Amino acid sequence: MSDVGYAPGEVRRARYAVAAVFAVHGAVTGSFATRVPWVQDHASLGAGQLGFALAFTAFGASCAMPLAGRISHRFGSRTALRGLIALWTLSLVLPPLAPNLYTLCLAMFTYGASAGMADVAMNALGVEVERLLGKSVMSGLHGMWSAGALAGSAAGTLAAHLGADARVHFLIASAVLTVLGPVACSWVLDLQPAEDEEPPPRFALPPRSALLIGTVGFCAVFAEGASLDWSAVFLRDRLDSSAAVAAACTTGFMLTMAVARIAGDAVVNRYGAVRTVRAGGVLAVLGGLLIVLAGQPAVAMAGFGLMGLGIAVVVPLCFAAAGHAGPNPSQAIAGVATITYTSGLIAPSLIGGVAQATSLMVSFGVVTALACGLAVFARVLRSAERGGRTESSPRPAAVPDPRP
């Protein structure tokens, strides 16, 4: 993309606009996550079948994400994001319409493909805003995603408590979010490709710089996906909780992630990405142990809360590190996103398969073991620390104003 100067006010507005888009994206996920038990019952699926169907979400995302850079190159970042976020919000209506395993797999593939393309486009714009501001903002942007997911899950908890049909619930949510998302895109940066810039390939292997960074994201997204998709089912099936309490557990998990991400930029600027992620890994492991050993819903909910707190800033730091690691942020972000979504591809089916063969307690033992990888591989995020400005780094020059 061409390096066009922006006025400081434009960059600030773009930051808030991208934050709003993140919130809309998260609201779709939050809305869906709390009604997974309804979708499971409607399609008459067992735990293993549900896991298989949910895997198609990440499969669709992994297939479609490499296309996001090409779409942005063709239409410009603003128009591309406007279309992709609308596609994502509209896809929410598909899962509850599926009457069986096969149609649910198709619905989840479409749902995941639209999610992944919008994800890459908005994260690339977030990295560009971070570069122009000269300070870390990615954790806060992902905090807005979590805040949106929290709002969506809160509405879902209420709908579950009232016994509302998820088809009606999702139709209303989709209509509202399809208005809000494209409107917010009106103020994001409109990055256009340079005249001599070649379009990115339709499909490409992740660049080498993305592989190790993606390993950290893999561990975090596995824990996040397992908690989002299975926390409500865990409380309902293992601890015999009501639908409302089970949905509230998912909401609590999202709440801890939202708070941690919103505060995350200050923590990362103070302690650095590596130490922050290592400490988060410890918290995630402690949360996983509480989940595995839980005999009461309150203990499991506390465990999911600690899990959310521990993994909260990992994914935004992975995207930031990828965006700062090479000359093509969109391609690097797509590479990391592909790896992390592959984790999402594996997580639902593995959790469901292990649960079918043993129990959900054993499934979350696997999640806890993978959470240890956050502490082990955290050092690969040093590029995120170099990308942000520290006290010893020179303050970036003022953003040039191209207007007379």
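**Notes on a predicted helical model**

1. Phenylalanine 234 touches Leu239, Ile291, Ala300, Phe304, Leu360, Met361 and Phe364, leaving aside residues up to four places away in sequence. The model discussed here is predicted. Phe234 and Phe364 are also among the residues with the most contacts inside the largest nonpolar core, together with Phe32, Leu374 and Leu381. That core has 121 residues. Helix H6 (residues 101-133) supplies the largest share of the core, 17 residues. As background, nonpolar side chains tend to be buried together in soluble globular proteins.

2. On confidence, the average pLDDT of the protein is 86, and 89% of the residues score at least 70. Which elements have the lowest and the highest mean pLDDT? Helix H16 (residues 382-387) has the lowest, at 63, and helix H5 (residues 77-90) has the highest, at 97. Over residues 389-404 the pLDDT is below 50, yet this stretch has 24 contacts in the model beyond near neighbours in sequence. Where pLDDT is low, the predicted coordinates should not be read in detail.

3. Aromatic rings come next. The count of aromatic pairs is 9. Phenylalanine 32 lies in helix H1 (residues 8-33) and phenylalanine 170 in helix H8 (residues 166-184), so the pair ties together parts that are 138 residues apart in sequence. Phenylalanine 32 has 5% relative accessibility and counts as buried. Phenylalanine 170 is buried as well, with a relative accessible area of 0%. Ring pairs link Phe32 and Phe170 with Trp88 and Tyr111 into a cluster.

4. Phe170 is one of the buried residues of H8; the others are Ala166, His169, Ala173, Ser174, Leu177, Gly181, Pro182 and Ala184. The buried residues of H8 pack against H1, H2, H5 and helix H7 (138-162).

5. Helix H3 (residues 47-64) can be checked in the same way. With 18 residues at 1.5 Å each, H3 should span 26 Å; its end C-alpha atoms are 27 Å apart, which agrees. The buried residues of H3 are Leu50, Gly51, Ala53, Leu54, Ala55, Thr57, Ala58, Gly60, Ala61, Ser62 and Ala64.

6. Phenylalanine 52 and phenylalanine 56 both lie in helix H3, 4 residues apart, which is about one turn of the helix. Their ring centres are 5.3 Å apart and their planes stand at 75 degrees, so the pair is edge-to-face. The cut-off for buried is under 20%.

7. Two residues other than glycine have a positive phi. Serine 44 has a phi near 55 degrees and lies in the loop between helix H2 (36-43) and H3. Its relative accessibility of 61% makes serine 44 exposed. Aspartate 240 has a phi of about 55 degrees and is found in the loop between helix H9 (208-237) and helix H10 (243-271). Aspartate 240 is exposed too, with a relative accessible area of 69%.

8. Helix H4 (residues 66-75) contains histidine 73, which is buried, with a relative accessible area of 15%. How far is the C-alpha atom of histidine 73 from that of alanine 194? The two atoms are separated by 9.4 Å, although the residues are 121 apart along the chain. Arginine 74 lies over the face of phenylalanine 75, at 4.9 Å from the ring centre.

9. Alanine 375 lies in helix H15 (residues 360-377) and is partly exposed, with a relative accessible area of 29%. The C-alpha atoms of alanine 375 and valine 282 are separated by 7.2 Å, while the residues are 93 apart along the chain.

Technical notes
Residues numbered from 1 in each chain as written. Predicted model: local features only at pLDDT ≥ 70, side-chain atom pairs only at ≥ 80, totals over all residues. Heavy atoms only, no water. Expected span 1.5 Å × (residues − 1). Buried < 20%, exposed > 50% of the residue type's maximum accessible area, 1.4 Å probe, protein only. Core = buried A, V, L, I, M, F, W, Y, C linked by side-chain atoms within 4.5 Å. Contact = heavy atoms within 4.5 Å. pLDDT = per-residue confidence, 0-100. Phe/Tyr/Trp six-rings, centres within 6.5 Å; stacked < 30°, edge-to-face > 60°. Lys NZ or Arg CZ within 6 Å of the ring centre and 35° of its normal.
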